[in-house]
Amino acid sequence: MVNTAEQQDQQELRPGVKAPAKETLLTPRFYTTDFEEMANMDISLNEEEIRAILEEFRADYNKKHFIRDEEFNQSWEHLDPETRQLFVEFLERSCTAEFSGFLLYKELGRRLKDSNPLLAECFTLMSRDEARHSGFLNKAMGDFNLSLDLGFLTKSRKYTFFKPKFVFYAVYLSEKIGYWRYITIYRHLEQNPQYRIYPLFRFFKNWCQDENRHGDFFDALMQSQPHLVNGLVARLWCRFFLLAVFATMYLNDIQRSGFYEALGLNTREYDKYVIKQTNETAARVFPTILDVDNPNFYNRLEVCAKNNEKLNNIDNSNAPRVVKWVRKLPYYVSNGWQFLNLYLQKGIDAKAQRQVVR
Ligand SMILES: [Fe+2]
Ligand SMILES: [Fe+2]
């Protein structure tokens, strides 16, 4: 059952429980899929590799990792209000994203149990990891006297339906980009410990290995379905998802650059690095990747970033709704135009590149 935003507003939250952030195009999504199609999938072409990854999941390397230590036992009142606000928002978004992974994997594990036990166990063990991640983040929110009501979130959020193949593309990329985001922050803070404003970041090193393994699982799964990573249709969809994931991250992070700057990072450089690495990682499985070194790529994203700023200003103005809508229209059109141009920009043939390397 899906509640509307109005219904959400009417429900009361306990004190200290944070109301879920407003959903926009850029907030983390909750997914659902065609479970039957997934259950009937024949993975025999790459079963060996999937079994090897299952063994890794079973080994549970991070079983004892997510334990809060002494360093958490202190007050965080000294953080200035703006940093604190950005930080809480970061925790909330990350917690929501991790929790959305948990729900999807958990449901897949449950529904595939009888029909496809190998995949079901992989999903169940990945949901174990995501539960740890989101739980750990929710406890961190507790340090700032807030928490997310995850049960409420489960019931109140809208679920986006994706066919299994779109789940694979989208979730594969979000796992790999998650890996690069966490490891990049970890390495930066390792070299610049004066910016490590909160102990959570110390946990990112092992944490990101979970995400990396999850990504590898989807890599193996896609390789078991050759039509998903070969041919024109696959090329078009892979490009679409790469662009959607990269653009969403870039635009999101620019809106919250204060958070990355509080950690001593340059937001744009951080994002460009993460995007480049994720793009190169995707070249191992996707037939095509984006040419992110083409100057046009970021020039166009910068236009979108400026448009978003204008859209936010209009949203925050006191103008009547219709006037707001009319004023927003050209920026929406411009964003669409940039996106279309980026999509049509010449990509890089990852499959040909792999064959050369071999
Ligand atoms: Fe995770
Ligand atoms: Fe993950």
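## Basis

Residues are numbered from 1 along each chain as its sequence is written, while chains are lettered from A and ligands numbered from 1 in the order in which they are written. In this predicted model local features need pLDDT of at least 70, side-chain atom pairs count only at pLDDT 80 or more, and totals for chains, interfaces and linings use all residues; side-chain values use heavy atoms, with hydrogens and water left out.

## Iron site

Donors are N, O and S atoms within 2.8 Å of the metal (3.2 Å for Na, K and Ca); water is not among the atoms, so sites may look incomplete.

A distance of 3.5 Å separates the iron ion (ligand 2) from the iron ion (ligand 1), and Glu130 coordinates both. Glu130 in helix α5 (residues 117–142) and Glu175 in helix α7 (residues 164–191) are 45 residues apart, and the pair links distant parts of the chain. Helices are DSSP runs (H or I, at least four residues), numbered from the N terminus. Glu130 and Glu175 are both buried, that is, under 20% relative accessible area, with exposed over 50% and partly exposed in between (1.4 Å probe, protein chains only).

## Aromatic pairs

Rings of Phe, Tyr and Trp (its six-membered ring) pair if their centres lie within 6.5 Å; planes under 30 degrees apart count as stacked, over 60 as edge-to-face and the rest as tilted. The count by this rule is 48 aromatic pairs. One of them is the tilted pair of Tyr105 and Phe123, with 6.1 Å between centres and 35° between planes. Tyr105 in helix α4 (residues 81–111) and Phe123 in helix α5 are 18 residues apart; both are buried.

Trp237 and Phe241 also form a tilted pair, 6.2 Å centre to centre and 40° between the planes. They are separated by about one helical turn, because they lie four residues apart in helix α10 (residues 231–255). Trp237 counts as partly exposed at 31% relative accessibility, whereas Phe241, at 6%, counts as buried.

## Charges over rings

A charge sits over a ring if NZ of Lys or CZ of Arg is within 6 Å of the ring centre and within 35 degrees of the ring normal. The charged end of Arg239 lies over the ring of Tyr343, 5.6 Å from its centre. For Lys272 over the ring of Tyr298, the distance is 4.8 Å.

How values were computed
Helices (H or I, at least four residues) and strands (E, at least two) are DSSP runs, numbered from the N terminus.
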